[in-house]
Amino acid sequence: MRVNLAGFNVEKTILEKDSSLNSDQLTPEIISAAYARISRSTDSVEVLRKKAAENVRKARRSNRNIVFEMGHSSIAEHAVFNLDVEGVSRLALEEIERHRLASYTEKSQRYVKVGSDYLIPEEWQTPALQKKLEQLHQECSDFYFELLDRKVPGEDARYYLPFTTTGQVGITVNARSAEHMILAFAASPLAEMRRLGTTLLHVLQKVTPSLIRYVEPSIYNQREYSLGLYPAVIASGSSGKRVEGKNTISNQNGTTATVRLHSFPEQGDDLILAIRKMRKEVISLEAAKKAVTAMNNAEKNTHYRNLFQNIKAWDSLPNEFEHLSFTWEIFLSGAAFAQLKRHRLAGMSFGPYQPTGGFTHPASIPGDLMDKADTLVAKSQSTAEKIASPAAVYALLSGFRRRIIWTVNLRELYHFSRLRQDVHAQWDIRLIADKIVNEVQEKLPLAGALLGGKDSFTEIKKKVMQN
Ligand SMILES: Cc1cc2nc3c(=O)[nH]c(=O)nc-3n(C[C@H](O)[C@H](O)[C@H](O)COP(=O)(O)OP(=O)(O)OC[C@H]3O[C@@H](n4cnc5c(N)ncnc54)[C@H](O)[C@@H]3O)c2cc1C
């Protein structure tokens with residue numbers, strides 16, 4: 001056996017400092033070209049890499065042929081980029097992070113003071129529109145800093161910042177996903193996204209001309225990438241009244257989110273045991289299911305205790321847990337959405353922000369500032385109404401809500417619960433996670449028994465093992 005380190009990411013200025021390096025060879029395409037030939041060549045991988053490095057022009061021709069003529073796009077996944085993206089709006093960050101096959105680290109709006117840096121989108125181009133948006137941003141920013149002065153945490157004060165607020169993100173992405181991103185951005189109804197797409201294409205094509213090609217959006221792409229994103233009309237509506245109901249989460253300042261379970265696996269506890277049985281014995285799933293159904297509760301419980309026995313807080317659950325999927329409809333604030341969408345192993349479809357559906361006011365907002373908060377919320381809506389464009393959304397604040405459909409399997413739900421029910425989790429997403437987990441545990445009392453935040457893992461496990 002031999003394992004060769006074929007490449008790794010090196011900070012770009014370090015490479016540029018070495019003038020002896022052949023700049024033509026500073027491309028991840030060499031790795032893609034070499035790996036692309038593994039399946040048809042008798043050469044060792046090391047030799048293939050050497051050959052690709054010696055003739056980059058030929059390597060690029062080979063890539064173009066294999067990726068674009070033969071359609072083996074997966075070889076583009078061997079070329080990986082690190083991208084610093086700065087000065088993009090909160091709205092753009094949402095659009096960027098829709099792309100799940102990539103890694104992101106974003107400036108935290110919980111821990112870093114934001115509020116003063118913002119962007120005026122191209123669509124808000126007349127001086128009158130620009131002024132309106134600037135005024136709104138100034139008032140929101142003043143309120144944000146007033147809240148901080150009153151000891152409201154930054155993670156709550158940000159609910160009153162509009163989507164024009166800018167941030168930065170570090171992205172690690174391969175060429176195949178990057179191509180998809182560029183295409184999606186080019187298809188966007190937002191000028192900011194289209195500009196980001198063009199910039200990305202320019203930056204990446206310089207180092208990988210042979211791997212990124214399909215970036216012209218079709219009508220189909222344009223329709224799909226604007227679907228559910230932006231309402232044509234931002235109708236005025238009420239802000240944050242408290243509503244009670246089985247699916248509703250509220251605080252003293254009103255409703256914060258609603259969470260409704262749409263579908264779940266019947267007999268899910270049994271299915272996991274049956275699949276495990278099938279893996280241990282030479283039997284069909286049908287036969288395994290019959291055997292599990294015949295067990296009494298105490299026997300099933302014993303099987304689950306065995307399964308959970310040596311699990312630690314950071315372990316992921318066995319892969320059988322992936323066969324149980326739940327679909328939720330969640331109506332949540334922009335701030336909570338920003339966190340939920342970061343969980344990549346789930347299916348998410350979202351609707352537009354819906355100002356008529358109320359506003360999530362954090363519980364920490366002092367009572368004497370609630371009128372001011374409401375005035376700002378109304379001003380955000382009336383500013384958004386000034387422009388009949390998808391870019392109206394830039395004037396909305398992070399406390400406005402949108403509806404999402406979230407489909408997630410039990411294995412990922414465990415991971416989500418460990419992070420988002422933990423004491424360090426932000427309150428809005430934590431309340432949503434609590435509600436989700438309560439309902440999962442009702443449906444799957446055995447398989448869901450160990451759900452819970454990292455901080456309470458030891459205690460939860462002790463209880464489960466004693467049962
Ligand atoms: C308290 C808290 C504070 C946070 N603060 C910040 C912050 O300041 N800035 C910020 O950007 N984010 C922050 N996050 C978000 C966090 O970094 C994650 O993006 C988010 O929690 C999603 O979890 P995940 O990345 O573990 O995995 P998911 O996307 O939920 O995926 C589940 C698991 O799949 C595997 N996986 C998925 N994708 C990959 C991949 N590409 N490569 C390898 N393994 C993969 C991993 O095992 C992962 O744990 C914070 C989260 C919490 C809970």
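**Briefing: the fold and its ligand shell**

The chain has 18 helices and eight strands (DSSP runs numbered from the N terminus, with helices being H or I of at least four residues and strands E of at least two). This is a predicted model, where local features need pLDDT of at least 70, side-chain atom pairs count only at pLDDT 80 or more, and totals for chains, interfaces and linings use all residues. Residue numbers run from 1 along each chain as its sequence is written.

**Overall build**
- The C-alpha atoms fill a box of roughly 75 × 75 × 40 Å along the principal axes.
- Of the 467 residues, 38% count as buried (20 or more other C-beta atoms within 10 Å of the residue's own; 12 or fewer is exposed, in between is partly exposed; C-beta atoms are placed from the backbone).

**Around the ligand**
- Of the 14 residues around the ligand, Glu 106, Ser 108, Arg 342, His 343 and Arg 344 come nearest (near means a C-beta atom, placed from the backbone, within 6 Å).
- β2 (103-106) and α16 (410-420) are the elements giving two or more residues to this shell, and β2 gives the most, with four.
- Domain 2 (82-205 + 213-226) and domain 3 (248-264 + 323-466) each supply at least three shell residues; the bounds come from an automatic or database domain assignment.

**Positive phi in loops**
- Lys 151, not a glycine, has a positive phi of about 70° and lies in the loop between α6 (127-149) and α7 (154-157).
- Lys 151 counts as exposed because it has 8 C-beta neighbours inside 10 Å.
- Gln 267, also not a glycine, has a positive phi of about 50° and lies between β5 (254-263) and α11 (268-280).
- With 14 other C-beta atoms within 10 Å, Gln 267 is partly exposed.
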